[in-house]
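Grab a viewer and work through a few exercises with me.

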Amino acid sequence: MPRHAASGTDEGVPVTENRETELLASVPDGLFIGGAWQAATGGRTLKVYDPSNGNVVKEIADASPEDGKAALDAAVDAFPAWAATPARERAEILRRAFDLLQERKEDFALLMTIEMGKPLAEARGEVAYGGEFLRWFSEETARVQGRYGANPEGTGRMIVSQHPVGPCFLITPWNFPLAMATRKIAPALAAGCTVVIKPAELTPLTTLAFAKLLEDAGLPKGVVNVFTTSTSGAVSEPIIRDPRLRKLSFTGSTQVGVKLLEQAAPGVIRTSMELGGNAPFVVFDDADLDKAVDGAMLAKFRNIGQACTAANRFLVHRSVAAEFARRVTERVQGMKIGRGTEDGVSIGPLIDDRAVAKATQLVQDAVTRGASVATGGHAVEGAGTFYAPTVVADVQPGSDILREEIFGPVLAIVPFDTEDEAVRLANDTEYGLVSYVFTESLARGQRMIERLETGMMGLNMGVVSNAAAPFGGWKMSGLGREGGAEGIHEYLQTKYTLTANPF
Ligand code: NAD
């Protein structure tokens with residue numbers, strides 16, 4: 001598939017080299033600690049790259065363990081005043097942040113396309129989605145409630161109240177640079193917690209720009225502190241082991257999540273874990289194939305396949321498998337590969353060389369075991385880390401692609417014969433984040449809700465994420481929920497008080 005070189009436009013704001021340069025220059029390059037932008041100890045820096053061409057786009061501060069400790073010190077100092085700030089005031093700041101994000105949405109979208117590679121249209125979608133967490137939790141701030149009532153014996157009064165858990169450490173991945181940050185920062189602030197946030201080294205600029213936005217929205221000093229580092233483990237571990245920290249919220253791979261849970265265990269730190277996925281996408285013989293194909297394109301190719309919610313295994317009833325493969329292949333062959341700023345591009349680069357190597361190896365393994373490549377199946381020559389969108393049919397049991405998170409634009413199809421077999425295959429993974437089911441039968445859809453072991457499900461839908469919904473996984477996909485009415489409770493702790501009978 002050819003790569004296109006034309007430069008694009010977005011909604012009325014042309015993407016020129018000059019605009020990119022100005023935007024990048026406007027992003028802070030320091031650590032944000034106690035309300036001040038500062039260099040890292042010893043002036044160390046790290047480089048941020050554009051994955052579409054390998055160019056360095058900016059150099060930013062590279063924090064040391066001392067810088068990490070300073071960030072936690074600031075969050076600890078700011079906590080009592082922020083926790084005591086009236087809910088309405090906290091809500092107003094979050095709401096101002098939402099409004100400012102709408103004003104700056106084109107800049108945030110372009111910034112994510114530059115540092116992460118997603119097509120500009122999808123980056124705009126992420127700004128909308130990420131912004132909703134600010135609006136949603138600005139509304140939830142004032143809804144934190146308790147209970148008061150007589151105990152059943154009538155001998156006293158019970159009061160149940162909610163309190164912010166304390167200073168929090170938030171660690172986010174590179175694939176959704178804005179939304180993963182707002183999905184944690186907004187509920188934490190709404191609950192009255194202060195935070196230290198560490199974005200991924202590969203895409204730190206969006207979080208730095210967002211910290212600047214929070215500053216502009218009037219957030220008091222030290223409530224949000226940001227550090228960027230090339231040595232995540234060395235800087236994070238002392239923070240997690242510090243007894244002043246009360247909460248760790250992590251989004252990333254299951255492998256790193258398990259390590260962080262171990263570090264959090266001795267201090268009995270509250271944790272939220274949004275980890276990896278291996279989503280089944282089940283197409284029954286009674287599905288509306290048009291809906292299933294539309295859903296598949298979204299569930300697989302959104303974010304160039306680099307989403308924890310990406311459909312990983314397409315389990316398709318044998319009677320419709322060939323037709324499903326034909327239709328998705330046709331759609332995939334029409335996809336344009338290129339830098340996300342170019343017009344009409346839907347497949348940007350993968351995040352780095354390792355991601356390309358992984359997609360290559362998974363497809364090769366599937367083919368060696370008997371699968372056939374309907375389209376794609378190779379890296380794209382030239383600058384940048386591109387992998388052609390791919391359809392692999394007739395994937396055989398035991399193939400690595402069915403066990404591992406692909407995290408790339410590869411759609412792998414496995415035929416099945418019975419509903420029981422589909423359920424067994426769908427649940428045959430240690431992950432349990434999301435599943436997608438396509439059927440026109442209400443009863444079958446209801447059975448799938450009860451039988452599939454995932455925290456979320458798209459029923460005739462290829463995307464489920466919504467700020468008003470509890471996002472999270474079962475099994476090794478995680479602990480806790482982000483968003484929805486549940487989201488704020490990850491940052492609250494309950495106190496029960498028994499008082500004497502007033503009569
Ligand atoms: P990752 O686990 O490599 O990194 C995630 C974050 O952890 C990054 O900020 C990284 O710098 C940091 N990190 C890595 N090692 C660390 C350590 N020893 N101590 C402290 N921090 C450390 O994951 P990734 O490659 O950035 O993201 C992809 C993964 O994230 C995928 O598995 C994907 O499924 C998952 N993810 C899950 C969700 C969800 O909500 N469930 C959402 C997005 C991504």
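The exercises below go from sheets to single residues.

Some ground rules: this is a predicted model, where local features need pLDDT of at least 70, side-chain atom pairs count only at pLDDT 80 or more, and totals for chains, interfaces and linings use all residues. Residues are numbered from 1 along each chain as its sequence is written, and side-chain values use heavy atoms, leaving out hydrogens and water.

**Exercise 1.** Work out the strand order of the seven-stranded open sheet and find what packs on it.

Step 1: get the elements. Helices (H or I, at least four residues) and strands (E, at least two) are DSSP runs, numbered from the N terminus. Two strands pair if DSSP finds at least two bridges between them.

Step 2: read off the order, which is E16-E17-E18-E13-E12-E20-E21 with mixed pairing. Strands E16 (372–375) and E21 (456–459) are the edges, each pairing on one side only. Neighbouring strands are turned by 25° against each other on average, direction ignored.

Step 3: check one end. E20 (residues 434–438) runs parallel to E21 over four bridges, and Val-434 sits opposite Met-456 there.

Step 4: H10 (residues 289–301) touches E12, E13, E17, E18 and E20, and its direction makes about 165° with that of E12. Contact here means heavy atoms within 4.5 Å; axes are lines fitted to C-alpha atoms, for helices over the stretch in contact, with angles from 0 to 180 degrees between N-to-C directions.

**Exercise 2.** Describe the hairpin of E3 and E4 and the place of Ser-52 in its loop.

Step 1: E3 (residues 45–49) and E4 (residues 56–61) run antiparallel, joined by five bridges. Tyr-49 stands opposite Val-56.

Step 2: sort the faces of E3. Leu-46 and Val-48 are on the covered one; Thr-45, Lys-47 and Tyr-49 are on the uncovered one.

Step 3: Six residues lie between the strands, and Gly-54 takes a positive phi near 80°. Ser-52 is buried, at 6% relative accessible area. Its side chain makes polar contacts with the side chains of Asp-50, at 2.7 Å, and Arg-339, at 3.1 Å. A polar contact is a pair of N or O atoms within 3.5 Å; within protein, one must be able to donate a hydrogen and the other to accept it, and residues adjacent in sequence count only if both atoms are side-chain atoms.

**Exercise 3.** Are Val-268 and Asn-303 buried or exposed?

Step 1: Val-268 lies in the loop between H9 (254–264) and E11 (270–274), and is exposed at 66%. Asn-303, in the loop between H10 and E13, is buried at 1%.

Step 2: check the backbone. Most residues other than glycine have a negative phi. Val-268 has a positive one of about 45°, and Asn-303 one of about 60°.

Technical notes. Buried means under 20% relative accessible area, exposed over 50%, partly exposed in between (1.4 Å probe, protein chains only).
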